[in-house]
Amino acid sequence: MSEKHTTLTRQQLHDLVHAFYADVRADTALGPVFDAAIGEHWAHHLERMVEFWSHVMLDTRGFSGNVYGKHMALEGVEPAHFERWMTHWHHHTRHFAPDDRQRLRQAAQTIGRSLFLGFFNRSAAFIADDDGRVVVATS
């Protein structure tokens with residue numbers, strides 16, 4: 001990942017995580033998958049996601065956990081879920097400063113590629129069109 005120089009703040013990451021996951025929860029394809037895994041524990045999940053993204057983007061030390069293992073335990077994940085998740089992420093990161101936007105998207109793509117490989121045993125690239133809609137290209 002690129003150098004940790006950033007204009008991002010923890011508050012911006014908090015706002016990003018909360019707005020992003022509000023859209024994920026409302027998404028007709030993603031919402032049921034997340035709700036099945038998280039249930040009534042959304043407040044805790046959102047706190048953990050703020051800690052996670054703060055760790056990734058600001059190099060804080062408040063997060064620990066097995067991200068890969070938790071996701072591999074999910075049932076019903078399909079390639080189209082990655083497209084929708086990445087499209088929401090693209091949408092919610094579009095107003096960040098260019099360097100921060102690039103780092104946020106790069107981090108999400110790195111995580112997404114790892115999870116996609118774990119779920120489907122195929123490499124993936126996430127390609128956004130001019131409107132920010134993301135498609136998965138596999139090899």
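Modeller: Asp 59 sits in the loop between H3 and H4; helices here are DSSP runs of H or I with at least four residues, strands are E runs of at least two, and both are numbered from the N terminus. This is a predicted model, where local features need pLDDT of at least 70 and side-chain atom pairs 80 or more, while totals for chains, interfaces and linings use all residues. Residues are numbered from 1 along each chain as its sequence is written, and side-chain values use heavy atoms, leaving out hydrogens and water.

Most residues other than glycine have a negative phi. Asp 59 counts as partly exposed because its relative accessibility is 35% (under 20% is buried, over 50% exposed, partly exposed in between, with a 1.4 Å probe and protein chains only).

Now step back into H3 itself, residues 42-58. Its 17 residues should span 24 Å at 1.5 Å a residue, and the end C-alpha atoms are 23 Å apart, which agrees; the expected span is 1.5 Å times one less than the number of residues.

Asn 121 is found in the loop between H6 and strand S1 (124-128), and with a relative accessible area of 68% it is exposed.

As for the whole chain, the count is six helices and two strands, in the order α-α-α-α-α-α-β-β from the N terminus on. The C-alpha trace spans about 35 × 35 × 25 Å along its principal axes. With 139 residues, a compact globule would have a radius of gyration near 14 Å, and the chain's 14 Å agrees; that value is taken over C-alpha atoms, and the globule rule is 2.2 Å times the number of residues to the power 0.38. Buried residues come to 37% of the 139. And of the contacts with a separation of 6 or more, 65% join residues 24 or more positions apart.

How values were computed: Contact means heavy atoms within 4.5 Å.
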